[in-house]
Each structure stands twice: as C-alpha cells, then as structure tokens.
Amino acid sequence: MSVMQVEVVSNEQQIFSGEASFVVVPTLNGELGIYPRHEPVMSLVRPGALRLTVPDSAEEVVAVSGGVLEVLPHKITILADVAVRSAEMDAARAEEAKKAAEARISQATDQESLAKAHAALAAAIAELKTLDYIRAHKHK
C-alpha cells in the first residue's frame with residue numbers, strides 16, 4: 001500500500017503527524033480526495049471534517065475550522081486555524097460554543113471582536129459537522 005506523510009497543525013499544536021493512504025479535505029471548492037503521488041495543490045480549507053485513512057487503523061477524523069492545504073506528491077500539510085481530533089469532541093460543548101459565538105457576533109462592537117466571534121463560530125460548526133459525519137458512518 002502506497003502512503004504519504006500527513007501533517008495537521010493548528011495555531012496551538014500539532015494535531016496529527018503520520019502516514020495515510022488517502023485523505024479527504026474540505027476545501028472551498030468541495031471535498032478533495034488525495035492519494036499518494038497527487039499533483040501539487042494549494043487550497044483554502046473550509047470548516048468541516050478532515051478524514052485520513054491510516055494504515056492498520058480505523059479512519060482518523062479531525063474537525064478543521066479553516067486554514068490552508070498544501071499537497072506535494074508524498075506529503076500533505078494542513079495549517080488549520082483550529083483543529084480537534086474526533087476523540088476530543090463533545091457535541092453538547094460544541095453546540096454551546098456555537099450559540100455563544102452567535103451571541104457574540106450579534107453583540108460585536110468592533111471589527112476585532114466580530115472577527116474573533118466568527119472564528120469561534122467556524123470552529124464550533126466544524127466540530128458539529130465532523131460529529132455528524134462520525135454518527136452517519138459509525139455503523140457502516
């Protein structure tokens with residue numbers, strides 16, 4: 001099985017570093033499926049579920065709130081604004097974070113607080129979308 005190196009890094013920490021045989025990234029133009037030896041690509045990442053097929057393991061799923069994707073023939077790098085591994089997700093907390101961010105958007109008094117509230121909303125939406133994906137594919 002052919003593999004490629006994948007690095008997923010957020011502003012705060014490295015989320016995933018390892019090999020994968022297939023990766024699905026949510027981009028602004030839709031989901032992009034990447035196999036080893038893919039043509040070089042750069043793209044913006046939209047909020048959603050990043051899915052990695054890891055050798056000898058179940059699928060790894062990471063919620064990303066946005067960022068940048070760089071694809072080279074044997075390496076993928078995702079620089080995510082916020083990224084959370086599926087094992088660390090909590091639906092109730094994400095829903096509460098979404099509501100809080102929506103409230104902060106409506107109460108924002110300057111561009112900086114509005115931008116921070118939009119970033120928090122994107123992170124919560126990404127986590128909720130990822131949890132929806134996991135629930136939908138759990139029994140397959």
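**View A. E7 in strand β1.** E7 is found in strand β1. The model is predicted. E7 is buried yet forms no salt bridge. The nearest side chain of opposite charge belongs to K75, 5.0 Å away. E7 does have a polar partner: a contact of 2.8 Å joins its side chain to that of Q5.

**View B. Strand β1 and its two pairings.** Strand β1 covers residues 4–9 and strand β2 residues 14–20. The two pair in the antiparallel sense over six bridges. A hairpin of four residues joins β1 to β2. Q5 has E19 of β2 as its bridge partner. β1 also pairs with strand β9 (residues 75–80), here in the parallel sense and over five bridges. In that pairing, V8 stands opposite I78 of β9.

**View C. The E31, R51 and E59 network.** Salt bridges link E31, R51 and E59 in a network. In the contact between E31 and R51, the closest N and O atoms are 3.0 Å apart. E31 lies in strand β4 (residues 30–34) and R51 in strand β6 (residues 48–53), so this pair ties together parts that are 20 residues apart in sequence. R51 also forms a salt bridge with E59, with the closest N and O atoms 3.9 Å apart. R51 is buried, at a relative accessible area of 13%. E31 is partly exposed, at 49% relative accessible area. E59 is partly exposed too, at 39% relative accessibility.

View D. The side chains of K98 and E102 meet in a salt bridge of 3.3 Å, N to O. Both residues lie in helix α1 (residues 91–107). They are four residues apart, about one turn of the helix. K98 is partly exposed, with a relative accessible area of 22%. E102 is partly exposed as well, with 36%. The salt bridge count for the model comes to four.

View E. L28, M42, L44, V68 and L79 make a nonpolar surface patch of about 490 Å². One of these residues, V68, lies in strand β8 (residues 67–72). V68 is partly exposed, with a relative accessible area of 31%.

Methods. Residues numbered from 1 in each chain as written. Predicted model: local features only at pLDDT ≥ 70, side-chain atom pairs only at ≥ 80, totals over all residues. Heavy atoms only, no water. Patch = residues over 30% accessible without salt bridge, like charges linked within 9 Å, V, L, I, M, F, W, Y side chains within 5 Å. Areas by Shrake-Rupley, 256 points an atom, 1.4 Å probe, with all protein chains shown as cover. Buried < 20%, exposed > 50% of the residue type's maximum accessible area, 1.4 Å probe, protein only. Pairing = 2+ DSSP bridges. Lys, Arg positive; Asp, Glu negative; His and termini not counted. Polar contact = N/O pair within 3.5 Å; in protein donor to acceptor, adjacent residues only side chain to side chain.
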